[in-house]
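Please take a look at it first.

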Amino acid sequence: MPLALRVVQSLSEAAGILAADSRTTLLSGGTLVMRDVNEGRLTDGTLLRVTDPAWQQIQVSGTRIELGAGATMAAILAQRELGFLHAAARAVGGPAIRNMATIGGNLFAAAPYGDFAVALLALDAQVMVLAGYGSPRAVPIEEFLAGRSRGEARLVASVQFNRPVAPGDFRFLKVSRVKPKGLSVLSIATHLPGHASRIGQARVAYGAMGPLPVRARGVERALEGKALDANGIAAARAAALEGVQPVTDAIASDWYRREVLPVHLGRLLANQS
Amino acid sequence: MAKVPVQFRLNGSDRAAFADPADSLLTVLRRGLNDFGPKYGCGQGTCGTCSVLIDGGLRLACLTLAASCEGASIETVSGMADGPNLHPLQTAFMEHFAAQCGFCTPGMLTAAKALLDRNPNPSREDVIDAIAGNICRCTGYEPIIQAILAAARTLPAQRRS
Ligand SMILES: Cc1cc2nc3c(=O)[nH]c(=O)nc-3n(C[C@H](O)[C@H](O)[C@H](O)COP(=O)(O)OP(=O)(O)OC[C@H]3O[C@@H](n4cnc5c(N)ncnc54)[C@H](O)[C@@H]3O)c2cc1C
Ligand code: FES
Ligand code: FES
């Protein structure tokens with residue numbers, strides 16, 4: 001049976017369909033799903049489209065930010081108020097991909113993709129999840145990503161997080177061999193409140209250093225309570241590889257990723273990347 | 001499997017086609033509507049030769065579900081010239097030898113048009129970024145970059161101010 005298509009208006013209806021039928025694939029921007037269709041990897045079941053405009057909404061109210069899962073990277077780039085996220089949104093593909101690729105899809109993209117998800121991990125985002133009919137439930141992004149690797153069928157309605165307080169608290173770096181557009185050798189996002197004097201709760205996340213975006217807990221511990229000076233950066237570099245399991249793919253070997261990660265982390269922390 | 005009807009504007013004309021539910025826009029353009037301007041290179045989003053403008057925004061037709069284009073306005077390279085008058089980008093591509101085998105050209109022209117429609121006065125970096133999703137295996141890119149910069153200079157002055 002070839003692929004069928006179903007179009008629904010509401011997110012809750014879509015969530016109900018996804019929960020009930022494991023052969024239904026949600027289509028968001030389609031950059032990964034349509035690839036699977038074209039390559040013959042996805043040949044039967046149903047494609048599900050949601051037309052609810054709320055899915056694409058971006059809301060910035062005071063310090064809280066909510067990005068609809070259907071919002072594209074280009075939509076983020078069009079919002080001046082989200083300037084701190086521009087490096088992460090610009091890291092995804094070329095201009096046409098950015099016009100299509102969504103936040104929701106990026107949360108499901110396998111390494112070395114998922115650059116934007118790395119930024120969301122460092123921001124401690126809450127993923128608003130609909131598991132069947134009903135209202136969304138907030139799931140911490142780390143827990144969400146662990147559930148993703150178990151293949152749980154859930155619909156992401158949006159992601160929420162607090163805006164970093166000071167400019168420079170949040171930083172993002174993607175390292176690729178082809179510029180300006182290339183796949184990640186690795187990506188790093190850091191959220192270091194108080195970096196100018198004494199770092200409070202540190203968040204550091206990596207992409208392509210494991211099958212999922214991962215927190216660099218060793219680096220976080222090394223930085224907490226410290227200033228972002230030469231000593232702090234040296235301690236962070238020394239802890240850079242704790243808990244990483246880099247992937248080997250056509251872009252780089254796990255050995256190469258391990259070799260260059262501390263260097264790029266050091267540069268990002270010193271603001272020299 | 002039942003076909004799904006799709007209607008959209010294609011290069012200024014209303015067009016309709018019946019598509020398989022999971023057909024890409026590229027399949028519908030080429031097989032259904034005989035618009036052979038956008039090419040099928042990779043079907044994976046990597047080469048950019050299928051680039052089209054959907055409601056003014058650059059998209060990859062191979063990764064766009066045709067059924068999602070209902071009511072949209074689509075521009076392809078086939079609609080770029082105004083009758084016998086080439087678009088300034090097309091003229092500049094000819095003058096700067098920016099096409100060799102020509103397979104990337106539909107995508108390059110479309111990506112360049114998306115840039116100039118939004119930014120008629122681009123820097124070299126803007127041009128490089130605009131064509132970052134398009135692969136050319138012949139020219140080495142430099143003639144393409146020069147052609148796009150030259151085309152921008154020929155746009156009417158009021159568009160560049
Ligand atoms: C040429 C090319 C270059 C790329 N470059 C990059 C890159 O540099 N960096 C990068 O991170 N990615 C890259 N990608 C991968 C991809 O484009 C992005 O990760 C994008 O954000 C995926 O979003 P999408 O909306 O297109 O996902 P889709 O293809 O629509 O969906 C992907 C998967 O996620 C599921 N899904 C999507 N949204 C939801 C939701 N809200 N709830 C539940 N499930 C959902 C779908 O069912 C599907 O399984 C690239 C892709 C291509 C083709
Ligand atoms: S055919 Fe669409 S990007 Fe190559
Ligand atoms: S001219 Fe041959 S691929 Fe560009």
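Chain B has six helices and five strands, where helices (H or I, at least four residues) and strands (E, at least two) are DSSP runs numbered from the N terminus. Their order along the sequence is β-β-α-β-β-β-α-α-α-α-α. With a radius of gyration of 16 Å, close to the 15 Å that the globule rule gives for 161 residues, chain B is as compact as a globular protein of that length. That radius is taken over C-alpha atoms, and the globule rule is 2.2 Å times the number of residues to the power 0.38.

Before going further, a note on the model: it is predicted, local features need pLDDT of at least 70, side-chain atom pairs count only at pLDDT 80 or more, and totals for chains, interfaces and linings use all residues. Residues are numbered from 1 along each chain as its sequence is written, chains are lettered from A and ligands numbered from 1 in the order in which they are written, and side-chain values use heavy atoms, with hydrogens and water left out.

**The two chains side by side**

Chain A has eleven helices and twelve strands. Its radius of gyration is 19 Å, close to the 19 Å of the globule rule for 273 residues, so chain A too is as compact as a globular protein of that length. The table sets out some overall values for each chain.

| Chain | C-alpha span along principal axes | Source of the numbers |
|---|---|---|
| Chain A | about 60 × 45 × 30 Å | C-alpha trace |
| Chain B | about 50 × 35 × 25 Å | C-alpha trace |

In chain A, 53% of the 273 residues count as buried; in chain B, buried residues make up 51% of the 161. Here buried means under 20% relative accessible area, exposed over 50%, and partly exposed in between (1.4 Å probe, protein chains only). Chain A exposes about 11600 Å², with carbon and sulfur atoms supplying 50% of it, and chain B exposes about 7300 Å², with 51% from carbon and sulfur. These areas come from the Shrake-Rupley method with a 1.4 Å probe, and for residues only the protein chains shown count as cover.

Turning to charge, chain A has 29 positive and 21 negative side chains, the centres of the two sets lying 5 Å apart. Chain B has 14 positive and 14 negative side chains, with centres 3 Å apart. Lys and Arg count as positive and Asp and Glu as negative, while His and the chain ends are not counted; each charge is placed at NZ of Lys, CZ of Arg, CG of Asp or CD of Glu.

Contacts (heavy atoms within 4.5 Å) can be followed along the sequence as well. Of those in chain A between residues at least 6 apart, 61% join residues at least 24 apart; for chain B the value is 54%.

**Cores**

The largest nonpolar core has 114 residues, and those with the most contacts inside it are Leu67(A), Phe116(A), Phe8(B) and Ile148(B). Apart from it lies another core, of 27 residues, including Leu173(A) and Val219(A). Such a core is a set of buried Ala, Val, Leu, Ile, Met, Phe, Trp, Tyr and Cys residues joined through side-chain atoms within 4.5 Å.

**Around Ile76(A)**

Ile76(A) sits in helix α3 (residues 73-77) of chain A and is buried, at 0% relative accessible area. Beyond four places in sequence, Ile76(A) touches residues including Leu67(A), His86(A), Ala89(A) and Phe116(A). Its C-alpha atom is 9.2 Å from that of Arg90(A), 14 residues along the chain.

His86(A) belongs to helix α4 (residues 86-90) and counts as buried at 13% relative accessibility. Leaving aside neighbours within four places, His86(A) is in contact with Ile76(A), Leu77(A) and Gln79(A).

Arg98(A), in helix α5 (residues 95-100), is buried with a relative accessible area of 7%. Among the residues Arg98(A) touches beyond four places in sequence are Leu77(A), Ala89(A) and, from the other chain, Asp129(B).

**Helix α1 of chain B**

Which residues of helix α1 (residues 25-32) of chain B are buried? They include Leu25(B), Leu26(B), Val28(B) and Leu29(B). Their cover includes strands β1 (4-10), β2 (13-19), β3 (51-54) and β5 (73-75) of chain B. Just after this helix, Asn34(B) takes a positive phi of about 55°.
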